[in-house]
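Here is a short briefing on a few residues. Look over the sequence and the structure before reading on.

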Amino acid sequence: MTARILSGKEFAARIKADAKAEAEKLREETGVMPGLAVVIVGEDPASQVYVRNKHKACEELGLHNVSVEMPETTTREELFAKIDELNADPKIHGILVQLPLPKALQSAEAEVLERIDPNKDVDGFHPVNVGRLSNGAGSLVPCTPAGCIRMLELADIPMDGAKAVVIGRSNIVGKPMFNLLLQHNATVTVAHSHTKNLAEITKQADILVAAVGKPGFVTADMVKPGAAVIDVGINRIAPKKLVGDVDFDGVSEVAGAITPVPGGVGLLTVAMLMQNVVTAAKLQLKK
Ligand code: NDP
């Protein structure tokens, strides 16, 4: 059997088309175009690529977007002041502080994320939005897991009653993925580095999500025949070679559906960010 390839490009295009239509409707009704501000502190080259991709997506959808570049030497107070300014700016509906912050600011990361107005928190990392997601009332949900769920819906892969296993329990992927799958009526197990007999658990999964950060971690013998396998991992194994957490060649012989890396979940993440900017604008205009 060879798995159906779930193309991030195809599903991201559908998510962006929907967000674009919603943004245009909002502008017709209110005269306001949703806007995103991305704050980048320092000069981390990987972060600069991510930020460029986010602005490119905004341009593609016609969203207002600004880039706030701050030097490596920025203090906690200066960053807070910038966030306060963006919180008060009516043209900005979404604020994203690109992580990781420079070393000197890393101990303030939680405070930085909490400084963002929860209704402008398009990354969904503010404790208020984490709580809302857990209560089942979240509208600004972390982009990577939200993109994966939207893809499963668009691909007609049933979550209701499915057994789902998520490998990884980070705040940005594993935990929100657990909550979202649960909301969609899957029976969910979350595995992590202390999990025993991992393969026995993953082999039961109709939907298997890998968010580990280890190249080729999920092998064919860990996968139930016909399962949908979502590879969140992005691992650079050579200067120009990215691979996921799933051994793509082996697993695609067993799985029913699989996301490739590159060309999979990464594209959904940016598309979902665009949707979150539009959702955030709606939240603010409703107030
Ligand atoms: P973290 O490093 O924060 O989390 C990794 C998780 O994997 C942890 O919960 C860890 O367990 C678990 N883990 C590590 N080793 C094992 C093991 N041997 N068995 C079972 N579980 C294990 O990573 P992130 O969640 O931030 O990211 C995961 C991957 O996804 C990375 O490759 C990252 O680059 C990628 N990513 C991709 C995105 C995209 O847009 N496609 C967006 C975000 C991330 P424990 O908690 O016990 O340590």
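Gly-168 is buried, because 24 C-beta neighbours lie inside 10 Å and the cut-off for buried is 20 or more. The model is predicted. UniProt lists Gly-168 for "binding site" in an unreviewed entry, together with Arg-169, Ser-170 and Ile-234.

**Gly-168**
- Gly-168 sits in the loop that links strand E5 (163-167) and helix H7 (174-183).
- Leaving out residues up to four places away in sequence, Gly-168 touches Val-173, Gly-174, His-192, Ala-211 and Val-212.

**Ser-170**
- Ser-170 also has its place in the loop between E5 and H7.

**Pro-215**
- Pro-215 belongs to another stretch, the loop between strand E7 (207-210) and strand E8 (228-231).
- Pro-215 is partly exposed, because 18 other C-beta atoms lie within 10 Å.
- Which residues does Pro-215 touch, not counting those up to four places away in sequence? They are Asn-235, Ile-237 and Val-243.
- Asn-235 is 20 residues from Pro-215 along the chain, yet their C-alpha atoms are separated by 6.0 Å.

Conventions: Residues numbered from 1 in each chain as written. Predicted model: local features only at pLDDT ≥ 70, side-chain atom pairs only at ≥ 80, totals over all residues. UniProt positions renumbered as here; feature names shortened; annotations may be inferred. Helix = DSSP H or I, 4+ residues; strand = E, 2+ residues; numbered from the N terminus. Buried ≥ 20, exposed ≤ 12 C-beta atoms within 10 Å, placed from the backbone. Contact = placed C-beta atoms within 7 Å.
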